[in-house]
Amino acid sequence: MAGKVMQAVLYDSYGGGAAGLKHAEVPVPSPSKGEVLLKLEATSLNPFDIRIQKGILRPIMPSKFPYIPATDVAGEIVEVGRGVKNFKAGDKVVAYLSHFSGGGLAKYAVAKESLTVQRPPQVSASEGASLPVAGLTAHLAITQFSGLNLDGSGPQKNILITAASGGVGHYAVQLAKLGNAHVTATCGARNIDFVKGLGADEVIDYKTPEGAALASPSGKKYDVVIHCAKGIPWSTFEPNLSEKGKVVDLTPGPITMWNFALKKLTLAKKRIVPLIMFVKGESLEAVVKLVKEGKLKSVIDSKHSLSKAEDAWAKMMDGHATGKILVEL
């Protein structure tokens, strides 16, 4: 593929939103040692992609301009780099590309072998591309931070999931039910039936007084809150928690970090903890397997062509997607 060019969507400065995206022809990347070159079939967007463009991690991310955004992809391997042992040309895979380098909004992308997994025939490209960031964040929150066993063993816990109809939230509801939890979920009124369909035991409209207070309709106290939304203060969570309840914040800011440190120093029983997600190949393999077995489903909000990537970007910025937003290549 050396010397060939491809279609890509990129931006060359911070800010600009969907209007800041540009269509360009760029060289097809070449895989280095331990890397594979993918012909992409689908890419999903995440809220973090929008935050990078806004410059929240400047100058660390992007590592350089111009930058091709998006990291969660599915496709077919067309070339392998030196030292690659587990893949060959023609393999269908799911991969995470790293936010430092990006590359998902393009016809081809390079992925590390260690962050690439086989995609079985039972998992479509769109389903697979939806998984890396959102699926793994939910998996980490439910298994490690909530302590649930996905085989349903262990004592039942009461779990609250905010923004349960979104990318991470819709996976978290399904995984929590696999773990035999009693799930209370919040979402907008239009998505109540959708979230019930995912398995939630109780669903409350976050715009109602009950929803704003986060109180369980059945009066249960929460052992764990998987907090996928933003802007809810600790004072709202605290009275709804069980004696040793905790809030797992998926988008931690300075206030969360301060509260986390304060609760730890004072040995508080009720606490808030930040979730910082690092993608691991074995975890990605685990969620792909769950989709293959029919135990987890990727819900697609909308699909867009690469030529209409701006529409997908604007929809992600709007923040009200039900499930995942896909760009098909």
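Residues are numbered from 1 along each chain as its sequence is written, and side-chain values use heavy atoms, with hydrogens and water left out. Because the model is predicted, local features need pLDDT of at least 70 and side-chain atom pairs count only at pLDDT 80 or more, whereas totals for chains, interfaces and linings use all residues.

Four aromatic pairs were counted, where rings of Phe, Tyr and Trp (the six-membered ring of the latter) pair if their centres lie within 6.5 Å, with planes under 30 degrees apart taken as stacked, over 60 as edge-to-face and the rest as tilted. Tyr11 and Phe65 form a tilted pair, with 6.2 Å centre to centre and 55° between the planes. Tyr11 lies in the loop between strand S1 (5-10) and strand S2 (22-27) and Phe65 in the loop between helix H1 (47-54) and strand S4 (72-80), so the pair ties together parts that are 54 residues apart in sequence; helices (H or I, at least four residues) and strands (E, at least two) are DSSP runs, numbered from the N terminus. Tyr11 is buried at 0% relative accessibility, whereas Phe65 is partly exposed at 33%, the classes being buried under 20% relative accessible area, exposed over 50% and partly exposed in between (1.4 Å probe, protein chains only). Phe65 also pairs edge-to-face with Tyr14, at 5.0 Å centre to centre and 80° between the planes, and this pair links parts of the chain that are 51 residues apart. Tyr14 is itself partly exposed, with a relative accessible area of 23%, and Arg58 lies over the face of its ring at 4.2 Å from the ring centre, under the criterion that NZ of Lys or CZ of Arg is within 6 Å of the ring centre and within 35 degrees of the ring normal. Ring pairs join Tyr11, Tyr14, Phe65, Tyr67 and Trp313 into a cluster.

A nonpolar core is a set of buried Ala, Val, Leu, Ile, Met, Phe, Trp, Tyr and Cys residues joined through side-chain atoms within 4.5 Å. The largest such core holds 52 residues, and those touching the most other members are Leu131, Ile161, Val173, Val195, Ile226, Leu250 and Leu284. Helix H3 (residues 132-145) supplies the largest share of this core, seven residues. A second, separate core of 29 residues includes Val28, Leu37, Tyr108 and Trp313.

In helix H4 (residues 167-178), 10 of the 12 residues are buried, so the helix is largely enclosed by the rest of the structure; among them are His170, Tyr171 and Gln174. Just after H4, Asn180 takes a positive phi of about 65°.

The structure holds 12 salt bridges, each defined by a side-chain nitrogen of Lys or Arg within 4 Å of a carboxyl oxygen of Asp or Glu. Lys92 meets Glu41 at 3.1 Å, N to O, a pair that links strand S5 (residues 92-96) with strand S3 (residues 35-44) across 51 residues of sequence. Lys92 is partly exposed at 32% relative accessibility, as is Glu41 at 26%. Lys92 also forms a salt bridge with Glu76 at 3.4 Å, N to O; Lys92 lies in S5 and Glu76 in S4, so the pair ties together parts that are 16 residues apart in sequence. Glu41, Glu76, Lys92 and Arg119 are linked in a network of salt bridges.
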